[in-house]
Amino acid sequence: MASEEELLLSVEALLEEEPQLPPPAERVRLREAAGITQARTAKALAVTEQTVKNWENGRSEPRGPRLAAYKRLLDGWAERHPAHRATPPARHPAPPAPSVPDAPASGPRAASAPASAAEPTPGYGPTSGPDLTPGYRPTPGPDLTPGPQPRTAGLVPQPVHPAGRAARQPAALPAADPRFPHGPLAVLDGDGTAYGVGGIVLHCPATTLPELVEWTLRESGLGAPKLHRYGKDADPLIVLTAEAAVRFGLPERLEDRRNLRLPDDHPVVKQVVKAQWRLTQRGFGPWARVYRRVQGSARQCVQFAILPWEALDERSWPGVADMAPADIARVLGMYAQRVITPRGSTAVSGLELMTALRPPTRPERDETTGNWTSGHNPGSLGTQPMDPAPPEATPEHPVVVNSGWRGGFLDEEAYQWVRPVDLLTDEECTLPHVVGLDLNTAFLAAAARLVVGLSAPDHFHAPAFNPKIPGSWLVDLSHIELDPRLPSPFTPTGERPEGPAWYQTHTVAYAHQLGYNVQPLEAYLRRETGTYLDPWHDRLKNAYVDTLADLGVTRDLDDRAFLAAMERHKDVDPALTAVLTAIKATVKGGVGKLRERPQGRHYKDGERWPALERPTWRPDIRAAVISKARVNMHRKLLNMAKLTGLYPLAVLSDCVVYPSPGPSPLDFLPYAASGKPQPGGFRLGSTPGLAKLEGVQSMLWAVDLMEQGFNPARHIKGGDAVLEEGE
């Protein structure tokens, strides 16, 4: 029998063979504490940035020499940045808690603490490109923990059974945060019953809105933890049914259909003000926030959604408003778990998710005083709004009106193109079918690893083009002649450009990739850059893929099984189907909100509108997403022509219509002899950027629409279905 010493030596040898790594969450903490980006880590270890992401979210583990090197890197960081103790040293006071603004503008809540002076950015010329990994030196702050947890109130657990049978059991909910034992939200009925997530049922004794606010903050146990270590916990959401709205003195219908808010002299608004609560500038509407200034470290804010006032838009939340309260709680709770606690429309939630995942500020310790202050969080958009370059703005923007700009604007929009009928061949016209393919969340796919500008634009004359620099370029691409059976990749109409025009970096880079000479006349470029949308992309991608999987459309299906699963997935569970629709609406709406236009009949060109006061009013980032999505679409169209000889009849945003010998995508998509899809063309699948069947019609049907000037891609589904375009 081996001795104890021999066994210990054997174990030590085994441990040396396989270095042990800390858990994924600790890997992220250590890298962020060191102020190193995933890109710099990937470069040091000679892997891709996506590989580092996979290591940090636990999807894969390093092997061989990289395992030892990664372990050495993490150990070095751990020595310099040990984990925080449960109780920070007394000599390091906690950083100031962010406060709710006095009267925030519409859209995401602005951070209260001012950002520190901008850190110096590495110099660059228009020919060299910016350094994508500036040398930030973050100082890790303590874990911000809100005040005491609320006490529970009349908990009566009741299971809620879904209306349909899911194809698989949805993923188990994560362990509840002890500060929010009853989940992120509750749906309140007229008898005072509050339905929470996971079948939780609470009794709410409140009879006035101020009492409801107090109960929510002090007794309900509702809320959700922050999505980023430097972010804020989510405010609890109370959803009022029509009966509950009446109970609290609210009208069944809003009379002000233009502004969608109660008048300031309404009794409920007076109750709120009298109780020393505040409303945001949007007032009390379908989505209302009631808050007080922060006292100490505890936030005091409640979000309301009023169902009879159409808080849940039917296009984004199909059928949800008509569900039973418990089922509404299930739908919204699943969305809150996978995306974010709803804070308004899906567009508003999409925009707020960006800020929640990339908070503008972080705590920093003043080396001279030892006090904690609020400083800029590297990689975020900061706390202050930023004016765009004139060609990136809208015609009514003050930058344009006040400067008298006449130099043209970016026209980076989604495709709306139909092939001229006279370019159809006899062979195409004899094919019996047309098949529509729709790319899954094309804008979300375009946001992956998308480098965008984080600083203000600088103007350059006659710069050399650099595809690594995000910005807007004045270039003449009219000399580029492509196959007329394909849309031009440079215009949303698909028509050939006429003379110089402004383009986003991805559009110009694609012209360069096609082998054409590009010589910019002018450019507005940004020195500081980063992959701002990466965490937004990752969270929404996981939400989309996981929800599809719960509906039976899993990633391991072959193409035939995938088409069959997609055919029946909407019949599996109406609640999950609604969540999937809301996730897709969050993507498109969030991108659209980056360039929200002024509203109201009294607006005059040149005036600032509320959306301009938020850092996330960034039309250049919107243009980058759409430009990349359109270029991605054209690249697939071009590859399909090379692989199959087939050309599209029409394209509308992320939907393309092809002539086909059969009624299935399997009849014309390119496959290798092994049966695997050919790379480069359209591929079927459930992940963002892959395709699904949109609809099938006859060739005669398509030609008839084309001759009348209509886009077959808009109506390929049949019935009254119309594709949502762009935003």
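Contact here means heavy atoms within 4.5 Å. You're looking at a predicted model, where local features need pLDDT of at least 70, side-chain atom pairs count only at pLDDT 80 or more, and totals for chains, interfaces and linings use all residues. Residues are numbered from 1 along each chain as its sequence is written, and side-chain values use heavy atoms, with hydrogens and water left out.

**Stop one: H9 and H17.** Select residues 325-338 and 574-593. These helices (DSSP runs of H or I, at least four residues, numbered from the N terminus) have axes, lines fitted to C-alpha atoms over the stretch in contact, that come within 9 Å and cross at roughly 45°. Angles between N-to-C directions run from 0 to 180 degrees; under 35 is roughly parallel, over 145 roughly antiparallel, 65 to 115 roughly perpendicular and the rest oblique, so H9 and H17 are oblique to each other. Now show side chains: Arg330, Val331, Met334 and Tyr335 in H9 meet H17 residues including Ala575, Leu576 and Thr586.

**Stop two: the sheet.** Jump to the open sheet of four strands (DSSP E runs, at least two residues), ordered S13-S16-S14-S15 with antiparallel pairing; pairing takes at least two DSSP bridges. S13 (457-461) and S15 (500-504) sit at the edges with a single partner strand each, so one side of each lacks a neighbour in the sheet. Next, pick S14 (471-476) and S16 (522-526), joined antiparallel over four bridges. Zoom in on Trp473, whose bridge partner in S16 is Ala523.
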